[in-house]
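These are my notebook entries on one structure.

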Amino acid sequence: MKVLSKGAKIALDIALIVFLVMFFVAAQMILVNEVTTNRTEVIKVGDGTISPSVKQNLVLGNSGNAQFFAKWWPEEDLGYITAVILRDMNNEMLFYSTGNKLECWSKEMRLKKGTYEVELVFFGNDSDFKTYFENIGVDTSGWEVADCFKEGTYTVNYEFGIKGSSSAITGIGIITILFLIIIASHLAIVITSNSGNTKAYYDERQLLARGQASNASTYSMLTYFGIYFLLKMGEFYLPLPDTIMIFGGVLLGFVVLATLCIWNNAYIALNQKPKSTLGLLTIVCGINLMGAIVNFTNAYRSEYFRRIELIENLQFRTALINLMMALTLLYVIILYVVRMRLDARED
Amino acid sequence: MKNLKLKAARAAKDLSQDDLAKICGVSRQTINAIEKGDYNPTIKLCRMICRALDKSLDELFWEEDEV
């Protein structure tokens with residue numbers, strides 16, 4: 001089996017760089033602008049008095065994926081309940097959140113360019129609260145909120161808005177830059193190496209070993225995903241989100257393939273320079289490790305991180321993926337070095 | 001089963017595993033695996049090895065007790 005010639009490798013690298021740049025430009029175009037509004041409300045609870053609801057329009061400049069959020073800071077303990085409702089131009093409810101909490105976030109939604117209406121409703125007693133939600137078609141059975149209400153006047157600062165894909169775009173930007181560095185490093189290695197003069201290929205024993213490794217890799221992935229989907233269908237508790245679990249399966253396949261190929265001396269083709277390959281793996285490993293550190297730090301610093309479950313944080317998930325990738329590559333590098341040492345001893 | 005005949009023929013020609021591998025266009029580990037009996041080469045590779053060592057197929061790869 002012949003591996004790619006030097007010219008083909010350079011052409012492929014250039015094509016990848018062009019694709020990544022185009023992808024990033026396209027991603028920028030779907031950027032949703034951030035819309036945030038602040039307002040202060042005085043809420044009176046008791047003697048049958050409750051402040052009316054307030055409505056506010058949010059104008060979204062571009063279509064795209066976005067999250068709606070609302071946060072509030074009362075001066076004292078809450079003695080009332082706030083409901084936050086987001087409606088679109090056709091007055092259709094897109095999101096609601098309620099309960100005795102101080103912050104809520106919608107899931108990421110695909111929002112069109114236009115005007116959205118946010119309604120903040122304040123409830124001073126149980127029956128008003130339940131009636132309101134039943135009127136908008138929400139099942140309130142099982143909602144035990146009677147103890148939440150306390151007479152008093154509360155001054156509350158509200159902040160709400162639509163957070164666009166800016167954080168996602170930043171993430172895409174970082175990933176794009178990382179990929180560009182990897183491809184540029186590969187391009188530099190290919191251009192400066194002499195391996196292009198003699199075509200790299202695998203001999204018959206290596207091809208056999210690679211075939212066996214591919215087989216083992218496929219079956220291990222199938223087994224992993226089979227078990228994963230069974231657990232998923234059985235609604236068993238899985239400690240990590242789907243993104244990580246699926247990525248873990250892919251990494252498992254890669255680890256099995258790399259382990260068997262390296263151990264049978266079939267990972268690097270003949271005429272290919274092991275040092276170049278190891279150098280590239282080290283660069284990718286280092287970049288992933290840096291990505292993991294940056295993302296972990298950002299996730300830890302973000303206010304969002306402290307208020308929700310750790311694993312739900314997108315940056316935390318990205319950091320975890322980076323870390324998994326870095327550890328896998330580190331394993332491959334170490335295994336390769338060990339195998340090289342053993343080979344040298346055998347020689 | 002170890003292929004001692006191949007090892008001896010290679011040594012007689014004063015070739016290292018790496019030298020023979022380069023002549024045959026395979027990896028050193030492949031020659032090592034053939035000598036150790038861990039890998040059965042194809043007839044194509046057997047012929048290449050035989051040519052490199054000036055031996056016949058029978059001389060290097062025929063085992064009487066295998067029949």
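Entry 1, chain A. I counted eight helices and nine strands in chain A; helices (H or I, at least four residues) and strands (E, at least two) are DSSP runs, numbered from the N terminus. The model is predicted, so I noted that local features need pLDDT of at least 70 and side-chain atom pairs pLDDT 80 or more, while totals for chains, interfaces and linings use all residues. Residues are numbered from 1 along each chain as its sequence is written, chains are lettered from A and ligands numbered from 1 in the order in which they are written, and side-chain values use heavy atoms, with hydrogens and water left out.

I then looked up burial: 40% of the 347 residues of chain A count as buried. Buried means under 20% relative accessible area, exposed over 50%, and partly exposed in between (1.4 Å probe, protein chains only). Among contacts in chain A between residues at least 6 apart in sequence, I found that 80% join residues at least 24 apart, where contact means heavy atoms within 4.5 Å.

My search of the whole structure returned 16 aromatic pairs over all chains. Rings of Phe, Tyr and Trp (its six-membered ring) pair if their centres lie within 6.5 Å; planes under 30 degrees apart count as stacked, over 60 as edge-to-face and the rest as tilted. Tyr80(A) and Phe122(A) have ring centres 6.4 Å apart and planes at 75 degrees, so I recorded this pair as edge-to-face. The two residues are 42 apart in the chain: Tyr80(A) is in the loop between strand 3 (64-74) and strand 4 (81-87), and Phe122(A) is in strand 8 (residues 114-123). Tyr80(A) is buried because its relative accessibility is 1%, and Phe122(A) is buried at 3%.

I also looked up Tyr224(A) and Phe225(A): with centres 5.3 Å apart and planes at 85 degrees, they are edge-to-face. Tyr224(A) is partly exposed at 23%, whereas Phe225(A) is buried at 18%.

I took a charge to sit over a ring if NZ of Lys or CZ of Arg is within 6 Å of the ring centre and within 35 degrees of the ring normal. Arg210(A) places its charged end over the ring of Tyr202(A), 4.2 Å from the centre.

Of its 26 lining residues, the closest to the centre are Leu270(A), Pro274(A), Ser27(B), Arg28(B) and Gln29(B). A pocket here is an open set of points on a 1 Å grid over the protein atoms alone, where a 1.4 Å probe fits, with protein on both sides within 12 Å along at least five of seven lines; lining residues have an atom within 4 Å of a point. Helix 8 (314-346) of chain A gives the largest share of the lining, five residues.

Most residues other than glycine have a negative phi. Asn271(A) has a positive phi of about 70 degrees; Asn271(A) lies in the loop between helix 5 (242-263) and helix 6 (274-301) of chain A, and is partly exposed at 38%. Asp54(B) has a positive phi of about 55 degrees and is exposed at 56%.
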